[in-house]
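Please work through the exercises below with the sequence and the structure at hand. Each task is followed by a solution in steps.

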Amino acid sequence: MSAVLKELETPEQAPIEVPMALQKEISAPAWTEGVDALLHLLRYPEKTNPYVIGQIPAPVFRHIDWEEVREVLCRLFEENRETCVDAYLEVRLALGVLANNSVRLCRGPVDISHCLAEDGFQFARVTLSVDTDDDRTYELEDELRMNLVHCHRRSGGFLVGFRSIHPCQPKDWGACPHPDLDGDNDDGDEE
């Protein structure tokens, strides 16, 4: 029996050569592949996810030139070496967070801004306007970040976040506690 096992452990076969015609060439990732699908998702989120769209229109902060956005995103993905597919999935994940929490996205395109850092790193921030208050918006952001961590999504130059369409009112602000800097736990009154 041990002779049979020994024979199985040490095969005497020559290595198999794969003809060049059968070997696939491994190319670099196509950083901008899928940019049209991403732009469609950003412009018309209600067509992709009608179950998370509310009746309130998204606020318009500025006119968005979508051809310029296309160029900026292509440049961002190539220079930062990020794939467009990851960005698309991040937006879809954000929409999934809204759906799971029964929070409505405002009707219309998302807001997108672009920034070039001093060191040359670029990033784009996509902001989804949601029909909820600021506190709930922060909770949604946290949930989105945790989901991205669990999906092993690295933080790169394409960021997705939420913005409440309901401005925070001063009456909603809680009393801000004053920090105890000197350690004596008094109100700052000197005797």
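This is a predicted model: local features need pLDDT of at least 70, side-chain atom pairs count only at pLDDT 80 or more; totals for chains, interfaces and linings use all residues.

**Exercise 1. Fold and surface**

Determine how many helices and strands the protein chain has, and in which pattern they follow one another.

Solution. 
1. The protein chain contains six helices and five strands.
2. Along the sequence they are arranged as α-α-α-β-α-α-β-β-β-α-β.
3. Of the 191 residues in the protein chain, 31% are buried.
4. Among contacts with a separation of 6 or more, 82% are between residues 24 or more positions apart.
5. The accessible surface amounts to about 13,600 Å², and carbon and sulfur atoms contribute 54% of that surface.

**Exercise 2. The pair Arg70 and Asp36**

State which helices the salt bridge between Arg70 and Asp36 connects, and classify Arg70 by accessibility.

Solution. 
1. The closest N and O atoms of Arg70 and Asp36 are 2.8 Å apart, and a salt bridge requires such atoms within 4 Å.
2. Arg70 lies in helix α4, whereas Asp36 belongs to helix α2 (residues 35-43). The two residues are 34 residues apart, and the pair links distant parts of the chain.
3. Arg70 has a relative accessibility of 24% and therefore counts as partly exposed, since that class lies between 20% and 50%.

**Exercise 3. A salt bridge between strands**

Identify the strands joined by Arg163 and Asp111, and decide whether each residue is buried or partly exposed.

Solution. 
1. The side chains of Arg163 and Asp111 form a salt bridge at 3.5 Å, N to O.
2. Arg163 is in strand β5 (residues 158-164) and Asp111 is in strand β3 (residues 111-116), 52 residues apart.
3. Arg163 is partly exposed at 28% relative accessibility, while Asp111 is buried at 10% relative accessible area.
4. Arg62, Asp111 and Arg163 are linked in a network of salt bridges.

**Exercise 4. A strand and a helix**

Locate Arg125 and Glu141, and classify both by accessibility.

Solution. 
1. Arg125 and Glu141 form a salt bridge, with the closest N and O atoms 3.5 Å apart.
2. Arg125 is placed in strand β4 (residues 122-130), and Glu141 in helix α6 (residues 134-150), 16 residues apart.
3. Arg125 is partly exposed, with a relative accessible area of 27%, but Glu141 counts as buried at 15% relative accessibility.

**Exercise 5. A charged patch**

Name the residues of the negative surface patch and place Asp65 in the chain.

Solution. 
1. The negative patch consists of Asp65, Glu67, Glu68 and Glu71.
2. Asp65 sits in the loop between β1 (53-57) and α4 (66-80).
3. Patch residues need over 30% relative accessible area; Asp65 has 38% and is partly exposed.

Methods: Residues are numbered from 1 along each chain as its sequence is written. Side-chain values use heavy atoms; hydrogens and water are left out. Patches are made of residues with over 30% relative accessible area and no salt bridge: like charges are joined within 9 Å, nonpolar side chains (Val, Leu, Ile, Met, Phe, Trp, Tyr) within 5 Å. Accessible areas come from the Shrake-Rupley method with a 1.4 Å probe; for residues, only the protein chains shown count as cover. Lys and Arg count as positive and Asp and Glu as negative; His and the chain ends are not counted. The place of a charge is taken as NZ of Lys, CZ of Arg, CG of Asp or CD of Glu. Helices (H or I, at least four residues) and strands (E, at least two) are DSSP runs, numbered from the N terminus. Buried means under 20% relative accessible area, exposed over 50%, partly exposed in between (1.4 Å probe, protein chains only). Contact means heavy atoms within 4.5 Å.
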